[in-house]
Amino acid sequence: MKRIKAACLEQTVPFQLTDDLGHAAACAVKEEYEHYKMQLERSRTRYKIVEAAVQPDDSILIKIKKQYNHHDCGDYMD
């Protein structure tokens, strides 16, 4: 019988502007990004943001490693 011993997702997640609304939209993107991190904390999902980059259009692109279905992450987070 096989069982999952350790699991981790590696994702690239863009937080993009929907319109060209300037500074207010850029603030909304940052708030969405912060909300995403808070959701991970609330659900007690282990995660590690490998890279976060603000793009020229003020969108945010992150590369993240996160726990999958609350399985053990093993050495993936190292």
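1. Let's start at Asp78: with 69% relative accessibility it counts as exposed (buried is under 20% relative accessible area, exposed over 50%, partly exposed in between, using a 1.4 Å probe and protein chains only). Before going on, a word on the source: this is a predicted model, where local features need pLDDT of at least 70 and side-chain atom pairs count only at pLDDT 80 or more, while totals for chains, interfaces and linings use all residues. Residues are numbered from 1 along each chain as its sequence is written, and side-chain values use heavy atoms, with hydrogens and water left out.

2. Asp78 sits in the segment after strand 3 (helices, H or I of at least four residues, and strands, E of at least two, are DSSP runs numbered from the N terminus). Which residues does Asp78 touch, leaving aside neighbours within four places in sequence? Lys48 and Lys65, where contact means heavy atoms within 4.5 Å. Asp78 and Lys48 are 30 residues apart in sequence, and their C-alphas are 9.0 Å apart.

3. Now strand 3 itself, residues 60-67: six of its eight residues are buried. It pairs antiparallel with strand 1 (residues 8-15) over eight bridges, and also antiparallel with strand 2 (residues 47-54), over seven bridges. For a pair, DSSP has to find at least two bridges between the strands. Strands 2 and 3 make a hairpin with five residues between them, and Asp58 in that turn has a positive phi of about 70°.

4. Is Gln67 buried or exposed? Buried, because its relative accessibility is 12%. A polar atom of its side chain lies 2.9 Å from the backbone oxygen of His71. Beyond neighbours within four places in sequence, the contacts of Gln67 include Arg44, Cys73 and Met77.

5. Last, the inside. The largest nonpolar core has nine residues, among them Val13, Phe15, Leu40 and Ile62; such a core is a set of buried Ala, Val, Leu, Ile, Met, Phe, Trp, Tyr and Cys residues joined through side-chain atoms within 4.5 Å. Strand 1, helix 1 (23-42) and strand 3 each give two or more residues to this core, and helix 1 supplies the largest share, four residues. Phe15 has contacts including Val29, Tyr33, Tyr36, Ile60 and Ile62, leaving aside neighbours within four places in sequence. In soluble globular proteins, nonpolar side chains tend to be buried together.

How values were computed
Polar contact = N/O pair within 3.5 Å; in protein donor to acceptor, adjacent residues only side chain to side chain.
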